[in-house]
Amino acid sequence: MQALSVSNLTKKYASGTEALKGVSLEIPEGDFFALLGPNGAGKTTLIGIATGLVNKTGGTVSVFGYDIDKNPEEAKAQLGLVGQELNFNPFEKPFDIVVNQAGYYGIPRSKAIPRAKQLLEDLGLGEKMYQSGLTLSGGMKRRLMIARALVHEPRFLILDEPTAGVDVELRRSMWDYLKKLTAGGLTVLLTTHYLEEAEQLASHVAIINKGEIAAQGSMQEILAMHDGSESKDGYRGGKLEEVFLMLTSDK
Amino acid sequence: MNNYRRWISFYTMVRRDVVRMFRIWVQTFLPSVVTSVLYFLVFGTVLGSRIGDMQGVPYMTFVVPGLVMLSIVTTSYSNTSFTFFSSKFFARSIDEILVSPTPPWVMIAGFIGGGLIRGLLTGAIVLLVSVFFTELSLSVHSALIILGFALLTCLVFALAGLVNGIYAKSIDGINLVPTFVLTPLVYLGGVFYSVHSLPAWWQAITYANPLFYLINGFRYGFLGTADVSLWISVAILGTMIVVLVSINWYLIRKGLGLRQ
Ligand SMILES: Nc1ncnc2c1ncn2[C@@H]1O[C@H](COP(=O)(O)OP(=O)(O)OP(=O)(O)O)[C@@H](O)[C@H]1O
Ligand SMILES: [Mg+2]
């Protein structure tokens with residue numbers, strides 16, 4: 001079963017920008033999948049279409065076999081989204097934000113409250129639970145968004161740059177937490193600009209550039225695209241970084 | 001999503017909005033109390049005694065239904081226009097609902113539900129305030145008609161406010177209509193006078209004002225007398241609901257201007 005199946009997806013914004021020019025990709029159930037690409041490549045657009053926040057221009061998308069046009073409610077019920085931009089009302093308390101999110105998925109409060117408390121504790125927000133969202137630091141806001149995305153126990157979690165602005169230690173604990181969830185069968189789609197992070201975590205990768213998939217495959221296959229030679233200029237990042245630059249650089 | 005889950009989602013939206021309006025009651029409920037106290041003082045107590053009777057009842061008793069209506073109309077309208085607009089504009093918290101399996105019509109119902117409750121509560125508060133000013137001599141002809149008109153009026157203006165919230169591109173876009181359209185329509189719709197005390201040409205204009213029929217029907221519930229037949233009022237209210245539901249339905253299908 002494919003957690004996400006995207007076929008020939010196109011998106012042209014009203015402004016005329018062609019953000020996606022026929023993208024196809026498959027994410028198998030249980031996979032940890034990294035979607036990588038430079039700024040403006042179309043990652044957030046792709047995620048927006050899959051989660052119902054952006055209308056597509058052409059192509060098809062299905063989530064666990066549910067077509068997003070024909071069965072939008074079933075498709076959405078499978079998904080949890082941690083968006084790139086902060087999108088919660090900062091005047092509300094983290095506890096309420098997470099409990100209400102469960103409500104939108106049809107989960108009654110009696111069930112949602114213990115789950116929300118547990119998630120917020122697990123993500124280190126136990127003490128901030130009942131304070132206004134305004135009092136959260138940047139990293140705490142991200143973690144709140146993760147708790148919110150998990151409260152309905154989705155089978156498929158999409159994270160759009162969740163670690164931007166999160167310190168090293170927290171980032172590690174965040175990944176440990178997510179690894180635990182993937183061990184329990186959760187499928188993850190991650191976008192990040194920290195390529196070492198992707199290299200360590202993901203088992204499959206797609207590199208998207210200017211609205212087109214430049215490469216797609218298992219992490220080993222992608223890494224093997226680079227011959228291992230030292231780059232000319234002194235600086236050298238991980239191997240994935242070299243492949244990424246080779247595929248997306250204009251030079 | 002089965003109906004039980006839809007109901008939970010709807011309940012969540014309404015509950016969230018009600019919690020919000022009580023948390024900021026100074027901004028949501030107090031203004032209506034303050035303005036209605038002022039109206040009752042000025043028009044009821046000070047001027048009312050000089051005006052004497054209107055439609056055969058003391059002026060104060062005549063004015064109460066109109067003032068309750070004024071608060072109902074403006075609060076139910078501004079509640080939906082503001083909550084919808086702010087959730088799409090500030091912090092985009094509407095994404096929380098958009099990513100969920102909540103169907104668009106349940107989302108609409110959720111926003112309307114909040115407006116309905118705020119409108120009815122505010123109307124009840126203003127009515128309570130009026131009781132003090134009329135020395136408990138408030139006449140009630142038919143509680144059912146009063147409640148029915150209050151409910152349907154809330155529905156109409158919550159729906160209208162939602163249309164405004166959907167189209168608004170800036171915060172000014174939701175403040176303009178209440179100030180320049182709603183308030184004048186309510187004032188000129190016979191809150192303060194019986195239409196029969198107007199010159200013929202002004203009467204004719206008043207008959208083109210939909211708010212006139214709502215106030216007329218609502219007042220009938222209190223006084224048992226009306227400027228025009230109750231059935232005309234009901235028909236106008238029904239027409240407005242049908243038109244507004246159709247507009248909202250059309251906007252839902254278009255994606256409510258929420259998706260790029
Ligand atoms: N709402 C919008 N209206 C018009 N154009 C848009 C809109 N959102 C994105 N775009 C354009 O679509 C293209 C893809 O943007 P997108 O946000 O999907 O990129 P991204 O890969 O997520 O980039 P980043 O890594 O910077 O987050 C860009 O050219 C962007 O300018
Ligand atoms: Mg992005």
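Helix α3(A) is mostly tucked away, with 10 of its 11 residues buried (buried means under 20% relative accessible area, exposed over 50% and partly exposed in between, using a 1.4 Å probe and protein chains only). The model is a predicted one, in which local features need pLDDT of at least 70 and side-chain atom pairs count only at pLDDT 80 or more, while totals for chains, interfaces and linings use all residues. Residues are numbered from 1 along each chain as its sequence is written, chains are lettered from A and ligands numbered from 1 in the order in which they are written, and side-chain values use heavy atoms, leaving out hydrogens and water. Helices (H or I, at least four residues) and strands (E, at least two) are DSSP runs, numbered from the N terminus.

The buried set in α3(A) includes P94(A), F95(A), I97(A) and Y104(A). Its buried residues pack against α4 (109–122) and α5 (138–150) of chain A, and also against α1 (3–23) and α5 of chain B. Just past the helix, G106(A) takes a positive phi of about 85°.

Turning to the interface, 29 residues of chain A are in contact with 26 residues of chain B (contact means heavy atoms within 4.5 Å). The area buried between the two chains comes to about 2500 Å², with carbon and sulfur atoms giving 49% of it; buried area here is the accessible area (1.4 Å probe) that two parts lose on being put together, summed over both. On the chain A side, L53(A), E73(A) and Y104(A) lose the most area to chain B, together 30% of what that side buries. Y104(A) also belongs to the buried residues of α3(A). There are 3 salt bridges between chain A and chain B (a side-chain nitrogen of Lys or Arg within 4 Å of a carboxyl oxygen of Asp or Glu). E73(A) forms a salt bridge with R6(B), and the closest N and O atoms are 3.3 Å apart.

S93(B) sits in the loop between α4 (59–89) and α5 (95–98) of chain B. At a relative accessible area of 5%, S93(B) is buried. Not counting residues up to four places away in sequence, S93(B) touches N87(A), F88(A) and N89(A) from chain A, plus R16(B) and S87(B).

T44(A) is partly exposed at 37% relative accessibility, and Q84(A) is partly exposed at 26%.

Elsewhere in chain A, V188(A) is found in strand β8 (residues 187–191). With 0% relative accessibility, V188(A) counts as buried. The C-alpha atoms of V188(A) and I158(A) are separated by 5.8 Å, although the two are 30 residues apart along the chain. Leaving aside neighbours within four places in sequence, V188(A) is in contact with residues including F32(A), F156(A) and T182(A).
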